[in-house]
Amino acid sequence: MSDLFPTTHTTWIMERVEAAPDEVRTHVMARYFEPLCAYTRASSLRSLGEPAELVNDFLASRLTDPMYLQRWSGSGMALRRWLANGLLTHARNRAIAAARRNRFRSTIDPAELERMTSSHETDALLALERAWAVRTVTEAHERVHAELIAEGRGAWWELFRLHSMQGMSYAEACRITGIAPSNATNVHRSVALRLRDALRAILEREGIRPEEIARELALMQDMLG
């Protein structure tokens, strides 16, 4: 399972964390909130409370500490794994504090709490990876779509969408979009290459080493089927 998490290097996040901490907090919340919720829903942590509330509480507490992301930069972990580790610790500390206030004295056994927070569960890690892959691919699609619209090439995106996402034949997609059938393959290939470049840019921004991006893209493809 460790192969799911490539090492990190200096990234856009670290370049901006001191100059624009609010921007970085907003970025991390937007990119990792849903993957962490997916992780929580697929793990025993869901018994400790509502996943969205637990993740919100965790991110709010950690991202207000400017050193938190600086510690990540030297951890050798992908940010999603670093955050998942932190979520486990946060959930454990929160449950212990709640038990001391008698809120969970009769429902949380100390041994069970130790089990659910001592290591990652395989299903939870896979849920994290799938949700993160979906979020990353969605961002790449939105970026390329916006670029093509700005260039007056919205029909290119539509042909790509109809053929790749809906399984429509080139002939039918061309009839709908007005693109010449003789140019359909080139248009589709051009959009696919843009998407791959967008994904590479996003992964590099998130701290994936350039030499590990091909493996990361292959993993994402496997996760999304």
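1. Basis of the model. The model is predicted: local features need pLDDT of at least 70 and side-chain atom pairs count only at pLDDT 80 or more, whereas totals for chains, interfaces and linings use all residues. Residues are numbered from 1 along each chain as its sequence is written, and side-chain values use heavy atoms, with hydrogens and water left out.

2. Span of helix 10. Helix 10 covers residues 184–205, 22 residues in total, and reaches 32 Å from its first C-alpha to its last, close to the 32 Å expected at 1.5 Å a residue. Helices here are DSSP runs of H or I with at least four residues, numbered from the N terminus; the expected span is 1.5 Å times one less than the number of residues. Gly207, with a positive phi near 105°, follows helix 10.

3. Packing of helix 10. Among the buried residues of helix 10 are Val187, His188, Val191, Arg194, Leu195 and Leu199 (buried: under 20% relative accessible area, with a 1.4 Å probe and protein chains only). The buried residues of this helix pack against helix 1 (12–16), helix 2 (21–41), helix 7 (122–150), helix 8 (154–165), helix 9 (170–177) and helix 11 (213–224).

4. The largest pocket. The largest pocket holds about 510 Å³ of space. Its lining has 15 residues, of which Val137, His141, Leu195, Leu199 and Gln221 are the closest to its centre. A pocket is an open set of points on a 1 Å grid over the protein atoms alone, where a 1.4 Å probe fits, with protein on both sides within 12 Å along at least five of seven lines; lining residues have an atom within 4 Å of a point.

5. Make-up of the lining. Helix 7, helix 8, helix 10 and helix 11 each supply at least two lining residues of the largest pocket, and helix 11 gives the largest share, six residues.

6. Arg31. Arg31 lies in helix 2 and counts as buried because its relative accessibility is 2%. The side chains of Arg31 and Glu139 are joined by a polar contact of 3.4 Å (a pair of N or O atoms within 3.5 Å, one able to donate a hydrogen and the other to accept it; residues adjacent in sequence count only if both atoms are side-chain atoms). Beyond four places in sequence, Arg31 touches residues including Trp132, Ile202 and Arg205 (contact: heavy atoms within 4.5 Å).

7. Thr177. Thr177, in helix 9, counts as buried because its relative accessibility is 15%. A polar atom of the Thr177 side chain lies 2.8 Å from the backbone oxygen of Ala173.

Notes:
Buried means under 20% relative accessible area, exposed over 50%, partly exposed in between (1.4 Å probe, protein chains only). Grid points are joined across faces, edges and corners, and a volume is the space filled by probe spheres set on the points.
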